[in-house]
Amino acid sequence: MARTCATSYLEASEAQGSEVGTFVEFTRALRHELRDTLGSAFASARLLQDVGEKLPEPSRNEVLGSIPRNVQRAIDLLDGVCLLFGSESSWEDEPREKGLLEDVLPEAAENVSERERAAGVAVEVVGAIPACRVDAGRTRLILHNLVSNAVKYSDRSRDQPWVRLYVDPVEGEGGDVADEAEPGRVRIRVEDNGLGISPDEQERVFDPFYRGDAGDMSGSGLGLAIAREAARQMGGELTLESEPGRGSTFFVTVPTLRGPDEAVH
Ligand code: ADP
């Protein structure tokens, strides 16, 4: 993977008009993100090992829960980088992991890192989630990136910063399909009352390595490019509406899948 990944990286980087030297910045950003997630998981595991028995149960459960959450984020990041820069076959040929949207969506809302939690943003799923199955791996990857961004680029001057996730059935396409029904599509909305994105940036934010100056946050500029590519690979799409100072809404259209949870090819 390494050669293909580096070659595709350089192409994307040049297309963005970046210096080839920014590969160093990319690896630095990747290292930073991985150290953040895996470092948190490591610290939690150590804490449990050393003083786990002495911790009151709620704290122990919180520490325990942070381990899979952080490891999953690291896996998502690596999957996302492969999805974007890996060889054609790396992700597209991979079996889809079929899962219930009602499991994937709340998990995405909970999967907010410790650093992001500290921002005090309320993340919630609003309304009913239709009973349908989706490509869980790609949907999770998209939602993790969107929720994480919505928290990262929240407006810290607000009394009540929030991120809300909704599911809109797509009319006439069987959005609320049950197992036996024809596969259709659902639209997931990730809404925030954060900093917003100016009109001239709204398409560019999906370009690999594009980073806005909203907030002084670390990042690789890859999250939205990964999310849009994951949506494309599913036959779905990812679009955006935003107003600076009011917030942003990302729309993800996801095909629903028929049948039980086994992997499909
Ligand atoms: P990164 O967060 O690493 O910079 P992304 O590809 O995820 O990379 O996002 C690209 C840019 O889009 C960000 O740098 C930021 O300027 C902007 N952005 C993304 N999501 C939001 C959001 N919810 N609110 C405001 N700006 C956002």
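**Close-up views of a predicted model**

**View 1. G39 in helix α2.** G39 is partly exposed, because its relative accessible area is 30%, which falls between the 20% limit for buried and the 50% limit for exposed. Like everything shown here, this value comes from a predicted model. The residue belongs to helix α2, which runs over residues 22-51. Have a look at V71 in this view as well: G39 and V71 are separated by 32 residues along the sequence, and their C-alpha atoms lie 9.5 Å apart in space.

**View 2. Helix α7 against helix α8.** Here we turn to the packing of helix α7 (residues 136-152) with helix α8 (residues 223-234), where the angle is about 150° and the axes are 9 Å apart. An angle over 145° counts as roughly antiparallel, so α7 is roughly antiparallel to α8. The crossing of α7 past α8 is left-handed.

**View 3. Residues between α7 and α8.** Which residues of α7 and α8 meet? On the α7 side they are R138, T139, L141, I142, N145, L146 and N149. Their partners in α8 are G223, L224, I226, A227, A230, A231, Q233 and M234. Sorted by class, this contact of α7 with α8 holds nine nonpolar residues, five polar ones and one charged residue.

**View 4. Helix α3 across helix α7.** Helix α7 also packs with helix α3 (residues 57-85), at an angle of about 110° and with 10 Å between the axes. Angles from 65 to 115 degrees count as roughly perpendicular, so α3 is roughly perpendicular to α7. From α3, the contact draws on Q72, R73, D76, G80 and L83, while α7 brings R140, L141, H144 and S148. The class count for α3 with α7 is two nonpolar, four polar and three charged residues.

**View 5. The whole chain, for orientation.** The chain has 265 residues, and 48% of them are buried. Among contacts between residues at least 6 apart in sequence, 74% link residues at least 24 apart.

Notes. Residues numbered from 1 in each chain as written. Predicted model: local features only at pLDDT ≥ 70, side-chain atom pairs only at ≥ 80, totals over all residues. Heavy atoms only, no water. Axes fitted to C-alpha atoms, helices over the stretch in contact; angles between N-to-C directions. Helix = DSSP H or I, 4+ residues; strand = E, 2+ residues; numbered from the N terminus. Parallel < 35°, antiparallel > 145°, perpendicular 65-115°, else oblique. Left-handed = near helix turned anticlockwise from the far one by under 90°. Contact = heavy atoms within 4.5 Å. Nonpolar A, V, L, I, M, F, W, Y, C, P; charged D, E, K, R; others polar. Buried < 20%, exposed > 50% of the residue type's maximum accessible area, 1.4 Å probe, protein only.
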